[in-house]
Amino acid sequence: MILSSNKGILRTKPTFETQDKSWGHHMAYERLLIPLVHLRPNKENDRHGPLLSEPNCILWMLENLGKEIVNLAKDIAERGLSPIDGVLVLPNPDSTTEYVVWEGNRRITALKLLDDPNRCPDPSLRRKFADIASKANTPVPSDIECTITPSVEQADRLIELRHQGPQDGIGTLILLPLKLRPPLRHGPEW
């Protein structure tokens, strides 16, 4: 359901708030459909440290996570984006229409390379991305549902919850490998 549009950005859901006592005030989040072309990889991503540009971010991802980015692109092309893995963004301070990706840089990199394989600096990988895109079961989305966080500090807090382990129950719990865990339950017995 689209509620309104602003500069090519589509609002899909109203702003929602949460009380965060550690910050002493309400934190407002907004979910928007943002065109892929308006999403910028985080040049300050903790994975790689400061980089100069989006092409540098893509190059770093491919040099250090190339196999993973290719596999992610294949999965997105076959199944689409996972609806439970959101993209967290902040407004780009250098632009009125762009957003910096705080969570989801690998997914956005894979999507950008599927959307335009010429962004890939490596000719053999460029051909792989073009081949994956041409055989896609689902179209590469031009608009990505994103959550806008109100501050860098809040974005960092959310990233820590997601990537720093269980943290006594407040962070993300890691499932045991499939061979070691009991079967997942489905249906009425839950």
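Reader: Which residue in strand 7 is the bridge partner of Pro41?

Author: Strands and helices here are DSSP runs numbered from the N terminus (helices are H or I with at least four residues, strands E with at least two). Strand 5 and strand 7 pair in the parallel sense over three bridges, where pairing requires that DSSP finds at least two bridges between two strands. Within strand 7, the partner of Pro41 is Val101.

Reader: What kind of model is this, and from which number does residue numbering start along each chain?

Author: This is a predicted model, in which local features need pLDDT of at least 70 and side-chain atom pairs count only at pLDDT 80 or more, while totals for chains, interfaces and linings use all residues. Side-chain values use heavy atoms, with hydrogens and water left out, and residues are numbered along each chain, as its sequence is written, from 1.

Reader: In what order do the elements of the protein chain run?

Author: The protein chain holds four helices and eight strands. From the N terminus on, their order is β-β-β-β-β-α-β-β-α-α-β-α.

Reader: What percentage of the residues of the protein chain count as buried?

Author: Buried means under 20% relative accessible area, exposed over 50%, and partly exposed in between, with a 1.4 Å probe and protein chains only. Of the 190 residues of the protein chain, the buried share is 38%.

Reader: Which residues does Val70 touch, not counting residues up to four places away in sequence?

Author: Val70 lies in helix 1 and is buried, at a relative accessible area of 7%. Val70 and Phe129 are 59 residues apart in sequence, yet their C-alpha atoms are 7.3 Å apart in space. With contact meaning heavy atoms within 4.5 Å, Val70 touches Leu125, Lys128, Phe129 and Ile132.

Reader: How are helix 1 and helix 2 oriented to one another, parallel or perpendicular?

Author: Axes are lines fitted to C-alpha atoms, for helices over the stretch in contact, and angles between N-to-C directions run from 0 to 180 degrees. Helix 1 and helix 2 pack at about 85°, with their axes 8 Å apart. Angles under 35 degrees count as roughly parallel, over 145 as roughly antiparallel, 65 to 115 as roughly perpendicular and the rest as oblique. That angle therefore makes helix 1, relative to helix 2, roughly perpendicular.

Reader: How many nonpolar residues are in the contact of helix 1 with helix 2?

Author: From helix 1 the contact includes Ile58, Leu65 and Leu72, and from helix 2 it includes Thr109, Ala110 and Leu113. Ala, Val, Leu, Ile, Met, Phe, Trp, Tyr, Cys and Pro count as nonpolar, Asp, Glu, Lys and Arg as charged, and the others, Gly among them, as polar. By class there are five charged residues, two polar ones, and, as nonpolar, twelve.

Reader: Which residues is Ile76 in contact with, leaving aside its neighbours within four places in sequence?

Author: Ile76 also sits in helix 1 and is buried, with a relative accessible area of 4%. Its C-alpha atom is 9.7 Å from that of Ile132, a residue 56 positions apart in sequence. Its contacts are Leu81, Arg107, Ala110, Leu111, Leu114 and Thr138.

Reader: Which elements are included in what covers the buried residues of helix 2?

Author: Nine of the eleven residues of helix 2 are buried, so this helix is largely enclosed by the rest of the structure. The buried residues include Asn105, Arg107 and Lys112. The cover includes strand 5 (39–41), helix 1, strand 6, strand 7, helix 3 and strand 8.

Reader: Which residue in strand 7 stands opposite Leu90?

Author: Strand 6 has four of its five residues buried, and three bridges join it to strand 8 in parallel. Strand 6 and strand 7 pair in the antiparallel sense over four bridges. In strand 7, Leu88 has Glu103 as its bridge partner. Opposite Leu90 stands Val100.
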